[in-house]
Amino acid sequence: MSTDNTTQARQNVVRLTAGDAEVDVEPDNGCRLSGLRVGGTELLRQGAKYGCFPMVPWCGRIDQGRFRNGGELHQMPVNAPPHAIHGTGRDLRWRTARRDARSAVFTYDLADPAAPWPYPGTVTQVVELAEDGRSLTLTLGVEAAADSFPAQAGWHPWFVRQLDGGGAPVELSFDAAWQEERGADHLPTGRRIDPLPGPWDDCFGMPDGVEATVTWPGRLELTVTGRTEWVVVYDEQEAAVCVEPQSGPPNGLNSLPRLVTPIDPLEVSTTFGWRTLG
């Protein structure tokens, strides 16, 4: 996104509030959450490429940027050479369809000329703070307008390693049934292995639903939950850790396609719940 577009995006911020929680959403900047504050403390890494962005209509990497739908081969832009990564929704302007004090609904057209997705349809994101301000629920829906197509949806939050005001760095806890073995090309090999110790840039399987806890000792505990069966954990940066619930593994458009049809949309949700410590 150009500097001009980024500046304009930050001028169009939808702010939601409940209790002592505030959420900022930038529909013009990929409908990403640019801020999540609890008691005035920011939990997300700041910057136009960070925050928490939706990954749609695919998550993670696509091998060489190519996927098949039946007999048709499609090429997506290679934005993480040699692969395509994290979908096209994060690069687009979304429309604010509805909003109130603590919730909002955003949409974009899959056939948007700025997003080279080959099938028409609609993507919807719902952002909703609980009435007590102690949790945030995100929901993504992908609908087909005509032909069916494979799709994925998920989120890529960048949680800061250390909260403003100091304190111990973040701790991450989760219990996965398996880890998708990662090849040298950063794509799953197709083998499921016992989870390995970090640091990670890896996909894990949780067949009973994603659950992971991000803790800033003595300050705050945040739990990521949802009914999706996969989560990517990325903690190789000094500034942030990422816990990414998603509807399928990286390269899933090829290895584990979930078809969206006019009568069977894809819908996924995740909830960030928190409590103060100390």
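In this predicted model, eight strands make up an open sheet with antiparallel pairing, and their order is β10-β11-β12-β13-β25-β21-β20-β16. β10 (95–99) and β16 (171–174) lie at the edges of the sheet; each has a single partner strand, so one side of each is left without a neighbour in the sheet. From one strand to the next, the twist averages 15 degrees.

**An edge of the sheet**

**The largest pocket**

- The volume of the largest pocket is about 680 Å³.
- Its lining comprises 30 residues, of which F53, I85, H86, R90 and H156 are the closest to the pocket centre.
- Several strands give two or more residues to this lining, among them β5 (52–55), β15 (154–160) and β23 (240–246).
- The largest share of the lining, three residues, is provided by β19.
- Sorted by class, the lining contains 13 nonpolar, seven polar and ten charged residues.

**Confidence in the model**

- The protein chain has a mean pLDDT of 95, and 96% of its residues reach 70 or more.
- Over residues 1–9, however, pLDDT stays under 50, and the model has eleven contacts beyond four places in sequence for this stretch.

Key
Residues numbered from 1 in each chain as written. Predicted model: local features only at pLDDT ≥ 70, side-chain atom pairs only at ≥ 80, totals over all residues. Heavy atoms only, no water. pLDDT = per-residue confidence, 0-100. Contact = heavy atoms within 4.5 Å. 1 Å grid on protein atoms, 1.4 Å probe; cavity = no way out; pocket = protein on both sides within 12 Å on 5 of 7 lines; lining within 4 Å. Points joined across faces, edges and corners; volume = space filled by probe spheres on them. Helix = DSSP H or I, 4+ residues; strand = E, 2+ residues; numbered from the N terminus. Nonpolar A, V, L, I, M, F, W, Y, C, P; charged D, E, K, R; others polar. Pairing = 2+ DSSP bridges. Axes fitted to C-alpha atoms, helices over the stretch in contact; angles between N-to-C directions.
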